[in-house]
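Good morning, and thank you for coming.

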Amino acid sequence: MTTDSPAGQSPSRSKRADAQRNRQTVLAAAAEVFVTSGVDAPIRQIAARAGVGMATIYRHFPTRADLVTAVYRHQIEACAEAGPNLLASAGSPLDALRQWIDLFVDFLVTKHGLADALQSDNDRFAALHAYFIDRLLPVCAQLLDAAVEAGDIKPGTQPYELMRGIGNLCIGRDDDPRYDPRRLIALLLQGLQRPHSA
């Protein structure tokens, strides 16, 4: 006798799939709410955006720190995975580097309140910052190395310096709509290029 459902899945497997879908829906909704309202947004706002009850959110993410950490880990992973994909698909390593930096900037400028959270005493947020560096630094290094090898940029730029510089240029974007960090980041990248690749 089988316990398979009509769709060919066992009930427990079907429940796990539903739970995973709910989790992904909550993560996507929380990411959208965090962009507009910051990481301190009411959980009920996230539940409404996700179309689930607050109990569903608390079942997956018992604390706000759990939810914030899960959202940003998911987005860090997406940014990390984009690097090799861009290297494989972009017209040149320099194009891949530019496109990846654009994604990195998107990640940074939409993180209302995350900087304060990362500097809090919460151990989860400290681990998130370490995860951010551990996952994204090698990707940035790979893109820089490829661009140097292709002769597009000058050697000697350290990935940590570049990421830190871009992060610093993104500070203040929330406070002043007249300030666009992308223009200065484009100038920074232009300064890294060899003359023939400008």
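This is a predicted model: local features need pLDDT of at least 70, side-chain atom pairs count only at pLDDT 80 or more; totals for chains, interfaces and linings use all residues.

Let me begin with a definition: a residue is called buried when its relative accessible area is under 20%, exposed when that area is over 50%, and partly exposed in between, using a 1.4 Å probe and protein chains only. By that definition, 36% of the 198 residues of the chain count as buried.

Residues are numbered from 1 along each chain as its sequence is written, and side-chain values use heavy atoms, with hydrogens and water left out.

Next, the overall plan. Helices (H or I, at least four residues) and strands (E, at least two) are taken as DSSP runs, numbered from the N terminus. The chain has nine helices and zero strands, which gives the pattern α-α-α-α-α-α-α-α-α along the sequence. A contact here is a pair of heavy atoms within 4.5 Å. Among contacts between residues at least 6 apart in sequence, 66% join residues at least 24 apart.

I turn now to helix H5, which covers residues 93-109. H5 has 17 residues and reaches 24 Å from its first C-alpha to its last. The expected span of a helix is 1.5 Å times one less than its number of residues, and H5 is close to the 24 Å expected. Which residues of H5 are buried? They are Leu94, Ala96, Leu97, Trp100, Ile101, Phe104, Val105, Phe107 and Val109.

Phe104, in helix H5, is buried with a relative accessible area of 1%. Not counting residues up to four places away in sequence, Phe104 touches Cys79, Phe132, Leu136, Met163 and Ile166. Phe104 and Ala82 are 22 residues apart in sequence, and their C-alpha atoms are 9.9 Å apart in space. Val109, also found in H5, is buried with a relative accessible area of 18%. From Val109 to Gly172 there are 63 residues in sequence and 9.1 Å in space, C-alpha to C-alpha.

How do the helices pack against one another? For this, axes are lines fitted to C-alpha atoms, for helices over the stretch in contact, and angles run from 0 to 180 degrees between N-to-C directions. Angles under 35 degrees count as roughly parallel, over 145 as roughly antiparallel, 65 to 115 as roughly perpendicular, and the rest as oblique. A crossing is left-handed if the near helix is turned anticlockwise from the far one by less than a right angle, and right-handed if clockwise.

The axes of H5 and helix H8 (residues 159-170) are 10 Å apart, and the two helices pack at an angle of about 50°. H5 is therefore oblique to H8. Ile101, Phe104, Val105, Leu108 and Val109 of H5 make this contact with Leu162, Met163, Ile166, Gly167 and Cys170 of H8. The crossing of H5 past H8 is right-handed.

H5 also packs against helix H9 (residues 181-192), at an angle of about 145° and with the axes 11 Å apart. This crossing of H5 and H9 is right-handed. On the H5 side are Leu97, Arg98, Ile101, Asp102, Val105, Asp106 and Val109, which meet Pro181, Arg182, Ile185 and Leu189 in H9.

H8 and H9 pack against each other as well: their axes come within 9 Å and cross at roughly 155°. H8 is therefore roughly antiparallel to H9. Leu162, Ile166, Leu169 and Cys170 of H8 meet Pro181, Leu184, Ile185, Leu188 and Leu192 of H9.

Thr157 lies between helix H7 (123-149) and H8 and, at 21% relative accessibility, counts as partly exposed. Leaving aside neighbours within four places in sequence, Thr157 is in contact with Leu144, Leu162 and Leu192.

Finally, the cysteines. A disulfide is a covalent bond between the sulfur atoms of two cysteines. Here the rule is a pair of cysteine sulfur atoms within 2.5 Å. How many disulfides does this rule give? The count is zero. For Cys140, the closest cysteine sulfur is in Cys79, 9.6 Å away, which is too far for a bond. Cys140 is buried at 1% relative accessible area, and Cys170 is buried at 8%.
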